[in-house]
Amino acid sequence: MILIVDDKKENIYSLKTLLESKNFAVDTALSGEEALRKVLKRNYALIILDVQMPGMDGFEVAETLAGYSRTKDIPVIFLSANNTDKQFITKGYDSGGIDYITKPVDPEILLLKVRTFSRLYEQTQSLNETQLKLQLEIESRKKAQEELKIQIEHLRSIMESLPQIAFSVDEKGEITYVNHNWFNYSLHTHTLPISHPDETDQLSYFLTHCKELDGPLEREVRIKDIKSQQFRHHLLRIIPIRENDKICNWIGTLTDINDQKLIESKKDEFLSIASHELKTPLTGIKAYVQLLERLLAKQENITAKTYIERAKDEVNKLESLIADLLDISKIENGQMKINKQEIDLEKTINHAIETIQESGYGNIRIERHGDIFDKPLLADPLRVEQVLVNYLTNAIKYAPDSDKIVVKTSFKDSQACIAVQDFGIGIPPEKQKHIFSKFYRVEESSLKFQGLGIGLYICAEIIKQHQGNYGVDSKVGEGSTIYFTLPYNQKNYA
Ligand code: ADP
């Protein structure tokens, strides 16, 4: 839009007509004051300003325009009556475009100048816009960079304050950061702590293989403390950091678990000694109870016989508890022996069911459904029976209001699957995966039912040694089905 400022309507008219005929948008003002009011409200690409006007003259208007940042860049063409005005034209107005035309106006020259100035104005405007955008972009980048710096500092201080050794590794397997705890085990950032000679160096294995790994890693390692020169047990945990689904970094920690490990091995040692020590007097008690039983067999003393029966039951319970504790210490020491031989699985199952039924667990009915196993299987019959007896005992214990258990057997994919279904309290879904862990007991039922939380752990170890699987399917309030499988074609089957 072009603004024509002249106190004479006829001058405005002729100029307006001329410019509009060339498709310029035109606005007009009849005095300097009116022009200033308009300029403050609207954007103009060019002002054609008559020098001689009553009130504010053209120079005064131009000077005022030059004083405002919003208007200082608008180009001005002065219309002067004679050449003598020329010397005043630059006075007080030296920014923005400026030119003059003497009256009478030569239309061609005016149009030429108007075109040049409008183009100049448009270019300046777009340059200004670009500069503003660039400025904003630079500022927002600066801000983002500062925020990133603060975040990195924050993360670093978290890593430094960790009691663990912490480090980061780039996608190529190069260490990019280590916290101060690292230097208790290594003298330099890029030198790995020394691993125990009996173990694979898990750290260097990770660094050379991290390109092939796609998930977190957790291992127990022993590394050498520089000061004490002792190897200490650590838990190595490494997690990938992904960007757009691609691993760009790894964050690792080494947590000192040495004291924990020592306590654990002391506890295992104690368990092993205690259960052996308990076993000796128990064997004696058992023998005396048997002798007493034989002695009383010829007599009619019913009360004494009942007491002996009860004492025998209690001794048996104690014996099985001690056997479990002994099994645990054997598992910890890697000494649990499995004597595999060709067995008749059917016989083992029936024997376990009979044992439970004969041991007088209330009025429980054990039903047997499914396939009959008629092929011989390589397994330790006593250990397989131990697993099944354990499953059945749990099925009775955790279903106090029901009178039925189902033993389901099936043969699939060269595997014998044996499942024990009860109709008892069931196990909450989030707890099911833990029931085969050492010392685990479901909280909700642990007060109501006695136990040590080791039976299923021992079963799991026995099943693993037979290369089988185990699992559970359960619904709270409806019951549980706990199963295990035994493969027919084990790797060591001759
Ligand atoms: P426990 O001596 O405590 O029975 P187990 O190792 O045999 O130890 O079982 C571990 C835990 O699993 C039990 O404490 C119990 O909470 C749960 N559990 C095992 N079998 C059943 C079952 N048939 N029904 C419900 N909960 C069971």
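Two groups are in contact here when heavy atoms lie within 4.5 Å. Helices (H or I, at least four residues) and strands (E, at least two) are DSSP runs numbered from the N terminus. You're looking at a predicted model, where local features need pLDDT of at least 70, side-chain atom pairs count only at pLDDT 80 or more, and totals for chains, interfaces and linings use all residues. Residues are numbered from 1 along each chain as its sequence is written, and side-chain values use heavy atoms, with hydrogens and water left out.

Start with the ligand. Select what surrounds it (a heavy atom within 4 Å) and you get 19 residues, with Asn 394, Tyr 398, Asp 422, Arg 441 and Leu 456 the closest.

Now look for polar contacts (N or O pairs within 3.5 Å). Pick Asp 422: a polar side-chain atom sits 2.8 Å from a ligand nitrogen. Then try the backbone of Val 442, with an N or O atom 3.0 Å from a ligand oxygen. At Gly 455, a backbone N or O atom is 3.2 Å from an oxygen of the ligand. The elements giving two or more residues to the shell are helix H10 (381–397), helix H13 (455–465) and strand S17 (479–487).

Next, select H13. Among the buried ones are Gly 455, Leu 456 and Tyr 457. Show helix H8 (302–332), H10, strand S16 (470–475) and S17 as well: the buried residues of H13 pack against them.

Notes
A polar contact is a pair of N or O atoms within 3.5 Å; within protein, one must be able to donate a hydrogen and the other to accept it, and residues adjacent in sequence count only if both atoms are side-chain atoms. Buried means under 20% relative accessible area, exposed over 50%, partly exposed in between (1.4 Å probe, protein chains only).
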